[in-house]
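Good morning. Please have a look at the chain on the screen before I start.

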Amino acid sequence: MADTDTPRRSFLFSFGLDRLGLIALRAPYIAAGLIAVLTALALLGVSRLSVDDSLSELFRTDTAEFRQYEEIDRRFPSSEYDVLVVVEGNAILSRERLEVFRNAVVELQLTDGVGGLVSMLSARSIPDANGYAAPIVPDELPEDNAAYADIIDALANNDIVKGKFLSDEGDLALIVIALDRATVKERTAKVVINGIKEVVDRELAGSGLTAKLTGAPVMQLEIRNAVERDRLVYNGLGFIAGFAIAYLFFRRLSLTLIAVLGPTIAILWTLGVLGGLDFRLNLFINVITPLILVSGFSDSMHLVFAIRRDILAGVDRIEAARNAVRDVAPACLLTAMNQAIALVSFAFAESALIRTFGLAALMAVFISYTAVAVVVPTLAALLVRREPAAEVDPHEREEGGVGVLQRLSDRVIGFVGARPLAFVLLGLAVVAGTGHAFFSLKPMYRLADQVPDKEQALAATGSLDEKLTGANPVHVMIEWKGGDALNADGSPPIKLYEERTLSVIAEAHEILEAQAGLGNVWSMESLRRWLKEAGDPSIANIQRYVRILPEHLRHRFLTEDETAVLVTARLPDIDASEILPVVEKIDHALDAVRKRHPGYEISVTGLPAIAARNSATLISELTWGLVGDIFLVFIFLGLALRSLMVGVSSVLPSLFPIFATGAILYYSGQGLQFASIVAITVAFSLAIDSTIHFLNRFRLEEERVAEAAAKAELDDGKYRLRGADDDAAMKPDPAREALARTAHHIGPAVILTTIVLALGLGVTVLSDLPSLRLFGELAAICLFASLVGQLVILPATVALFRRHFPLGGRKQPTAEDVEPVGRYQSSRQSG
């Protein structure tokens, strides 16, 4: 029989939002028209979506350190906008290959978008008496082998070339290109960078030399391409996986379409709103699509399961949809609210990237609930045909794939429910052990985590890390107050071209050179040393040479107004925890310089420095935010459902998947990355979905069991538990009967939605972005661990709680369909 007269009740704080589907069912055709209009408007918003490819957005915070980093980009426009061309091959300095290399450099200088470049061919000899510095490698290479060998020896041992533009083995040469920002803005970075790559490949073809591009602009382009590609992959594969699994179990096209169209429309509405509000896609916001897909699909599946059960029992489609809204929608809304609580800490994170993701995720959760709550009942009213009642009541036993899942969940939960103490103690021990591992995880961050690792940029960066000193710049920025006015202490105004300023630059340069792990140090001190070799390091001569330098080269270390300079070194792409001691040691060494020269503001900055200082703090902040959110979820659940049992029972099964995932990271030697904590938080917010549906159904069944027990005439005062042997009978145990009924009704949906959730988020393992692959792997692990929690730990906790704290206060324990032993046996024999 249908559940048309069973108790249905909204929860505290629902504000009537759980009845949105009932409003749509009053006029399903009008609701369908409104859905179509909103979807069309959403498509306009989707067309406005753009990509945020910033490498620094993850560390954008309202701090003095980040503002200093932003100053570099503004005041030194060439410093962090380089394309690095890494040319590799044996014997680059051989006559034939050096000619090929030089031709490539010449062609690159003429390429659109290239503002200027520096390479080993830029190296100059010591100036002559007239101040002319001839290039070490002349335009015409000498035919004489001895003369050519002298040129190569001078080039390979030049202080500006050696270890900076040419590897010690002579098998790697670096070309640093400063892009023309105006051309990039006009023609797009993709066109300009692809043009550079085409020129290099054409010029080096057949020479035995190869080239790869890296640098911030190249990494940003690869991130943008990966984000755009991933969006298509996630949407396409997620939709296909959801459709296939839904059809496999429902075997009806109408029910499959309803289950899939709900979350699909939710995705369109959410992306439309994000596009309309000018949110930019990035590596985290890209997760929103699979998040909506799996979250919406989970709610959609629970609603469709309920509708299907009534349809197969012969109930009218409108009434079946109403029953589903009354029974399931409150749990869907409660799930959305708990997902919001689980994600809310992201909206208050210091990192701008994660804060933007948090705001987008909060909107996505509520838009997804609204879409599914309205679309699924509306489509059910329009698409589902009335069918004759099935021979086997689906409320009693399912057939096909759903039947297999039903019998599996019945047996597992029945076994656990009979031994609750043992499984609760086991759960406590496992949660304690995995929790220790989780909280022992160390924060980790590398720039490579943000960049596609199957493209050229990271391969080129790896070569620079191995054969030179790396590609990641660390800057010491030296600033002073400009103008002609005296300083506050009465000292004369600071000028660039005076001994004290050049001394500060020289001291900072020496500190960076002395620091292990750093290399390729550049500043005005490099020019001063070169002029010293020529015999004239005077301030006037330095000023003369600075002014004849190309603008792109000058602006690498000197601002236009001559009130700030950079001393730049490069380091390999290593973990932020290894960079932090280096940055702190540099900063500490500069304290003596600051003390000797109080008129100068000296700071250590650059993306590696910002990452080193902020990554551990941000990851720890997110971790403790997650822990706090988890306990807020437990408290909210207990208050919303007005049940201490709900709040207590949800603790262990919710902590288990989080701690288990952390333990896998810990024992596999991995740390806690940004992607890790986001994956675990998102997976927890989704895993709590099935926990809520389980507890919501248990409360409904518990009331039904209690009501039936009060009315039923039981043979010898005995109950028969579902799945028990025909000869077995037990004393009345309403909680276990309610638990068995919950497993029977909700078990298949829990298993099926977990599979869909894992597959939906798991498609991110196909991404070219390492952080998103890690996200997909951890999310899938966390979700399958949550399935263990929901089928084993949760039923055991509920059974143990009810053993010591039986239901009371509202009614005595009841069961609407609990049968006397004799009637149960006869129904089994006839079925």
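I will go from the whole chain to one strand and then to one residue.

This is a predicted model, in which local features need pLDDT of at least 70 and side-chain atom pairs count only at pLDDT 80 or more, while totals for chains, interfaces and linings use all residues. Residues are numbered from 1 along each chain as its sequence is written, and side-chain values use heavy atoms, with hydrogens and water left out.

The chain has 27 helices and 10 strands; helices (H or I, at least four residues) and strands (E, at least two) are DSSP runs, numbered from the N terminus. Of its 831 residues, 59% count as buried, meaning under 20% relative accessible area with a 1.4 Å probe, protein chains only; exposed is over 50%, and partly exposed lies in between.

Now strand S4, residues 172-179. Eight of its eight residues are buried. On one side these are Leu172, Leu174, Val176 and Ala178, and on the other Ala173, Ile175, Ile177 and Leu179.

Which strands pair with S4? Strand S2 (residues 82-88) does, antiparallel, over seven bridges, and so does strand S3 (residues 114-118), also antiparallel, over four bridges. Pairing requires that DSSP finds at least two bridges between two strands. Val85 stands opposite Ile175 in S4, and Val114 has Leu179 as its bridge partner there.

Last, Asn338, which sits in helix H11 (residues 317-343). Why does Asn338 count as buried? Because its relative accessibility is 0%. Leaving out residues up to four places away in sequence, Asn338 touches Val633, Phe636, Leu637, Ile688 and Ile692, where contact means heavy atoms within 4.5 Å.
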